[in-house]
Amino acid sequence: MSRGSIPLALLGLVGATGQPAFAQTYTVNGISPITAYGEVASAVSGTTVFAQTNTTVTVQSGGGARIKGTVRRATVTIRCAGSGSPNSCTVAGNRARIRVGALSSTGRAGLIQEFTAVTGTGTISGTTTGSLLDFTMTGWTRTGNLTFLLDTKLPVAGNDTGGATGAQTSTYYVYVAKDPTIPTTGSTVATTITIRRPLQMAKVSDLSFGTLVRQPSGTAGSVVVNNSTGARTITGNANLIGLPSPAPSRAQFTITGEPSTTYAISYSPTGNIVMSNGASTLSVTTSKTATGNQTMPASGTLTLGVGGTISVLSTTARGQYSGNLTVTVTYN
């Protein structure tokens, strides 16, 4: 039996070395300014969709109205950061994937119906308009920030819903991750909007001087209908008669709107009303219980009265006289 020796070789494993790869990370670094719609009035009934584009709000559909206030589009800042040096944010083709969608709302404000992403300092590509945005952003040359801008469309429920008015919000999210990962984290932000009840006016009665019987001679008679009570008084000519039927009345209007807010009442014509009976006329000097800027009572309802004064001469032509007064109310 013979024995032999087997030579053993020790093999060394040598690891290859090279430039380490560093993954970039993307975060939502801020959303400022945030989306703001200012003040709007809801419709009497049904939903109004308001479209915010840059610093303008318009009515897209429905019976509501824009009132006033600062309008802003959101500016979203996305940050790219590397995990070491050299910074991988400089690598061409790196992309952040961004998602934007609605979350919740309060009062009469609804969920944001549509978003539109607009190029800022970054380059965006993908679904940039719709109820859910999913797009990518490129353009980093180093660690730092790039931006995109955001416009929105917001529905506001009508007065028939009874929802809360005043300062309301509609929130949305902006999530970001390294493409192609679907992002699930980021930031949330509240769109601001102040909603007012619609400003409405209903006529209760017309201004009426009733029926008058003039005399063939004598001085002029002054006929006054009180703007608060509707009572008629006649002075200056004892022979001028006011018949009890039809009863005289003041013009009366009921105005409803957002409590404690300011609004304006205007009249056309601004001066006297001209009532006519064919070729003959009577001039009415009006008196009002309210005019110009007003503050809506806490009840949300104000009664407006309009009275007037006419002068009847012994030569005033007989007949039925009529004229028109237009009353307009608008939020300040």
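**Exercise 1: the cores**

Of the 36 residues in the largest nonpolar core, which touch the most other members?

*Solution.* Keep in mind that this is a predicted model. Start with the residues that have the most contacts inside the core: Ile 78, Ile 98, Val 100, Phe 148, Leu 150, Tyr 172 and Val 174. Next, ask where the core members come from. Strand β12, which covers residues 144–156, gives the largest share of this core, with five residues.

**Exercise 2: the disulfide**

Find which cysteines a disulfide joins, and work out whether it is left-handed.

*Solution.* First, recall the bond itself: a disulfide is a covalent bond between the sulfur atoms of two cysteines. Then count: the structure has one disulfide. Its partners are Cys 80 and Cys 89, with 2.1 Å from S to S. Now turn to the torsion about the S-S bond of Cys 80 and Cys 89, which is about -100 degrees, so this disulfide is left-handed.

**Exercise 3: aromatic pairs**

Describe the pair made by Tyr 26 and Trp 140, then do likewise for Phe 115 and Tyr 172.

*Solution.* A pair of aromatic rings is described by the distance of the centres and the angle of the planes. The whole structure holds four aromatic pairs. Take Tyr 26 and Trp 140: their ring centres are 5.1 Å apart and their planes meet at 55 degrees, so this pair is tilted. Now place the two residues. Tyr 26 belongs to strand β1 (residues 25–31), while Trp 140 sits in the loop between β11 (132–138) and β12, so the pair links distant parts of the chain, 114 residues apart. Both can then be sorted by accessibility: Tyr 26 has 7% relative accessibility and therefore counts as buried, and Trp 140, at 9%, counts as buried too.

On to Phe 115 and Tyr 172. Their centres are 5.4 Å apart with 65 degrees between the planes, and the pair is edge-to-face. Phe 115 lies in strand β8 (residues 114–119) and Tyr 172 in strand β13 (residues 166–178), 57 residues apart. Phe 115 and Tyr 172 are both buried.

**Exercise 4: a lysine and a ring**

Which residue lies over the face of Tyr 267?

*Solution.* Look above the ring of Tyr 267, and you will find Lys 288, at 4.6 Å from the ring centre.

Methods. Residues numbered from 1 in each chain as written. Predicted model: local features only at pLDDT ≥ 70, side-chain atom pairs only at ≥ 80, totals over all residues. Heavy atoms only, no water. Core = buried A, V, L, I, M, F, W, Y, C linked by side-chain atoms within 4.5 Å. Buried < 20%, exposed > 50% of the residue type's maximum accessible area, 1.4 Å probe, protein only. Helix = DSSP H or I, 4+ residues; strand = E, 2+ residues; numbered from the N terminus. Disulfide = S-S within 2.5 Å. Phe/Tyr/Trp six-rings, centres within 6.5 Å; stacked < 30°, edge-to-face > 60°. Lys NZ or Arg CZ within 6 Å of the ring centre and 35° of its normal.
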